[in-house]
Amino acid sequence: MRKITDGAGASGHSGMAQPKDFLHPMQELAREAGLLLMSYFGKVTIEYKGDVDLVTKADRASEQLIVDRISKQWPDHDLIGEEGSRRETGSDFRWYIDPLDGTTNFAHGFPVFCVSMALEHKGERIAGVIYDPTRDEMFAAEKGSGSLLNGRAIHVSQTAHLKESLVATGFPSHKRHKNPNIHFYHQITLRSHGVRRAGSAALDLCYLACGRYDAYWEFNLNSWDTAAGVLLVEEAGGKVTNYSGGPFNIDSREVLGSNTLLHAELLKEFQAIIAGRVEGLPSVAESLHL
Ligand code: 2AM
Ligand code: CA
């Protein structure tokens, strides 16, 4: 097991920094933020950040809590949070914080949302934690050490064919007219057991990591949506790339994850959809036998 030091535990003998486990404090913080979200759940006041991009008091309170704790414990670490928190000092460490992933669900009382946090060291994501307070499910991964759900190792599914798979995707809450995902949704629905769109990218990635889903894709996500979840999938034996099979990049507008076994088949389907080789939709009149 390889652990990364934050330099806080320098040894008197060797002068070498001692390994420091970030996962434990990260999980404690995610749980605390998740419980804070629950105290607002069902009684939120909705504001509008953009077009129909909902933001609630809970998003801001959760981010404030997380940023305050990180700043106290690791004052020299950089961070980026969905609700606008930024610290960019050139530190080797950088946090990605999504204080409430699934805000639209949360605002409507639909219990699919979570807290997501990842920690990067010298450009490599080394730890990620996602906590779903509605089910008390704590997903955690450390680079090189596997993924856990409530302390137990998790693995991606063994489903080997798209036609036997359950897949997930998501749609953004604004600029919906320009999102091409409905075409992918249609085609993959025709070729699988179904495509779910539950509204939290971070939880979608967790569910892929623990085998509830066999694959997942989405357009136009931000770094805080994917940073922890992608590590969870990879550490659980899954694969995450862009739509051409190239390496996933944290700033990429494309994320395609699978249980590894399905990846080649999915990439083939995606290339066909991008090239326009698709099954057309019957007209409404045709479907209704009018
Ligand atoms: P949020 O709930 O934190 O906003 C929905 O499938 C996923 O997309 C959620 O994880 C959601 O995160 C994210 N999302 C919602 N609106 C978005 C937008 N306009 N751009 C990018 N991601 C968005
Ligand atoms: Ca988010």
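The model is predicted; local features need pLDDT of at least 70, side-chain atom pairs count only at pLDDT 80 or more, and totals for chains, interfaces and linings use all residues. Residues are numbered from 1 along each chain as its sequence is written, while chains are lettered from A and ligands numbered from 1 in the order in which they are written. The protein has eight helices and 15 strands. Helices (H or I, at least four residues) and strands (E, at least two) are DSSP runs, numbered from the N terminus.

**Confidence**
- The average pLDDT is 91, and 90% of the residues score at least 70. This score is the predictor's confidence in each residue, from 0 to 100.
- Helix α5 has the highest mean pLDDT among the elements (99), and strand β1 (residues 46-48) the lowest (70).
- Over residues 5-19, pLDDT stays under 50. Where pLDDT is low, the predicted coordinates should not be read in detail.

**Core**
- Of the 290 residues, 41% count as buried. A residue is buried if 20 or more other C-beta atoms lie within 10 Å of its own, exposed if 12 or fewer, and partly exposed in between; C-beta atoms are placed from the backbone.
- The largest nonpolar core has 69 residues. Such a core is a set of buried Ala, Val, Leu, Ile, Met, Phe, Trp, Tyr and Cys residues joined through C-beta atoms within 7 Å.
- Helix α5 (residues 201-209) gives this core its largest share, eight residues.
- The core lies between domain 1 (23-154) and domain 2 (162-274), because both give residues to it. The domain bounds come from an automatic or database domain assignment.
- M117 is among the residues with the most contacts inside the core. Beyond four places in sequence, its contacts include I66, W95 and A228. Two residues are in contact if their C-beta atoms, placed from the backbone, lie within 7 Å.

**Ligand 1**
- Of the 20 residues around ligand 1, T103, G170, P172, S173 and A201 come nearest. A residue is near a molecule or strand if its C-beta atom, placed from the backbone, lies within 6 Å of it.
- Strand β5 (93-101) and helix α3 (103-108) are the elements that each give two or more residues to this shell.
- Domain 1 and domain 2 each supply at least three shell residues.

**Residue S252**
- S252 sits in the loop between β14 (239-241) and β15 (254-258).
- It counts as partly exposed because it has 18 C-beta neighbours inside 10 Å.
- The C-alpha atoms of S252 and N222 are separated by 8.2 Å, though the residues are 30 apart along the chain.
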